[in-house]
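Thanks for taking a look at this one with me. Please open the model beside these notes and follow along point by point.

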Amino acid sequence: MALYGNPQLSGREKVFHDDEIIVSKTDLTGKLIYGNRTFYRMAAMNEKQTLGQQHNIIRHPEMPRTVFELLWNTIKDGKEIFAYVNNRSANGDNYWVFAHVTPSFDASGNITGYHSNRRNPKRQVIDSHIAPLYRDLLKIEQSGSSPKQGLQDAYDKVLSILSGAKMNFNEFMFSLGV
Ligand SMILES: Cc1cc2nc3c(=O)[nH]c(=O)nc-3n(C[C@H](O)[C@H](O)[C@H](O)COP(=O)(O)O)c2cc1C
């Protein structure tokens, strides 16, 4: 259960400063184990409300599942990913981020958890590229014969965009400008 989850969306967007970084860390299952001050301010929640909760506590309902599928496939494989993410505050506001998500390793090279740093993205990249792309992916996900098929179709759409652009996902994200 998302403790503070499912507030009505307010339709208001929040932004944070270019010199700020939103930081959070999770365990292997995606449960929050750390957030910095900027994380709590933007999420409009405190440590007590978030630590031990799944990171999807700030999930925005308009985010396509495909992006999170890609994220988890990549980090579980021991690799880093860069992605634009729209998040939801506890009061229903939203805020866009450009996120770097990476595994943390122990001395033997085992993954011990995950770590994310997020910057304020450029408005123009969101408006011209990311928001329309994510709207398309969400629509594809929702029009599949089943949720599983919808996710597969949207995932295939991303792969075909990458193959057309001859880029991997991270290169594609950076090619849009950061
Ligand atoms: C280190 C780390 C950071 C994450 N950051 C976010 C985030 O900022 N917003 C978000 O919605 N999901 C984030 N996720 C992904 C969530 O774990 C989850 O997959 C996503 O919210 C989708 O939730 P759902 O599977 O319940 O739909 C992060 C995961 C990890 C491991």
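The points below go from the whole chain to single residues.

1. **What you are looking at.** This is a predicted model, in which local features need pLDDT of at least 70 and side-chain atom pairs count only at pLDDT 80 or more, while totals for chains, interfaces and linings use all residues. Residues are numbered from 1 along each chain as its sequence is written, and side-chain values use heavy atoms, with hydrogens and water left out.

2. **The order of elements.** The protein has six helices and five strands. Here helices (H or I, at least four residues) and strands (E, at least two) are DSSP runs, numbered from the N terminus.

3. **Overall dimensions.** The C-alpha trace spans about 45 × 45 × 35 Å along its principal axes. The radius of gyration is 16 Å, which agrees with the value near 16 Å for a compact globule of 178 residues. That radius is taken over C-alpha atoms, and the globule rule is 2.2 Å times the number of residues to the power 0.38.

4. Of the 178 residues, 44% count as buried. Buried means under 20% relative accessible area, exposed over 50%, and partly exposed in between (1.4 Å probe, protein chains only). The accessible surface of the protein comes to about 9600 Å², and 51% of this belongs to carbon and sulfur atoms. Those areas come from the Shrake-Rupley method with a 1.4 Å probe; for residues, only the protein chains shown count as cover.

5. **Contacts and charges.** Taking contacts between residues at least 6 apart in sequence, 55% join residues at least 24 apart; a contact means heavy atoms within 4.5 Å. There are 21 positive and 18 negative side chains, with the centres of the two sets 3 Å apart. Lys and Arg count as positive and Asp and Glu as negative, while His and the chain ends are not counted. Each charge is placed at NZ of Lys, CZ of Arg, CG of Asp or CD of Glu.

6. **Isoleucine 75.** Leaving aside residues up to four places away in sequence, isoleucine 75 touches Ile81, Val101, Thr102, Pro103, Ile111 and Tyr114. Glycine 30 lies 45 residues away along the chain, and the two C-alpha atoms are separated by 11 Å.

7. **Tyrosine 134.** Next, please turn to helix H4 (residues 123-142), where tyrosine 134 is found. Tyrosine 134 has a relative accessible area of 3%, so it is buried. Beyond residues up to four places away in sequence, its contacts are Met63, Pro64, Val67, Tyr84 and Trp96. Its C-alpha atom is separated by 18 Å from that of asparagine 120, 14 residues apart along the chain.

8. **Histidine 100.** Strand E4 (residues 94-105) holds histidine 100. Which side chain does histidine 100 join through a polar contact of 2.6 Å? The partner is glutamate 80. A polar contact is a pair of N or O atoms within 3.5 Å; within protein, one must be able to donate a hydrogen and the other to accept it, and residues adjacent in sequence count only if both atoms are side-chain atoms. Glu80 is also among the residues that histidine 100 touches, together with Ile81, Phe82, His115, Ser116 and Asn117, not counting residues up to four places away in sequence.

9. **Arginine 59.** In the loop between H2 and H3, arginine 59 is partly exposed because its relative accessibility is 24%. A polar atom of its side chain lies 3.2 Å from the backbone oxygen of methionine 63. Not counting residues up to four places away in sequence, arginine 59 touches Pro64, Arg65, Phe68 and Arg88. Arginine 59 and asparagine 86 are 27 residues apart in sequence and 7.7 Å apart in space, C-alpha to C-alpha.

10. **Two backbone angles to check.** Alanine 44, in the loop between H1 and helix H2 (47-50), has a positive phi of about 55° although it is not a glycine. Alanine 44 is partly exposed, at a relative accessible area of 37%. Lysine 166 sits in the loop between helix H5 (147-165) and helix H6 (169-175), and its phi is positive too, near 55°. With a relative accessible area of 74%, lysine 166 is exposed.
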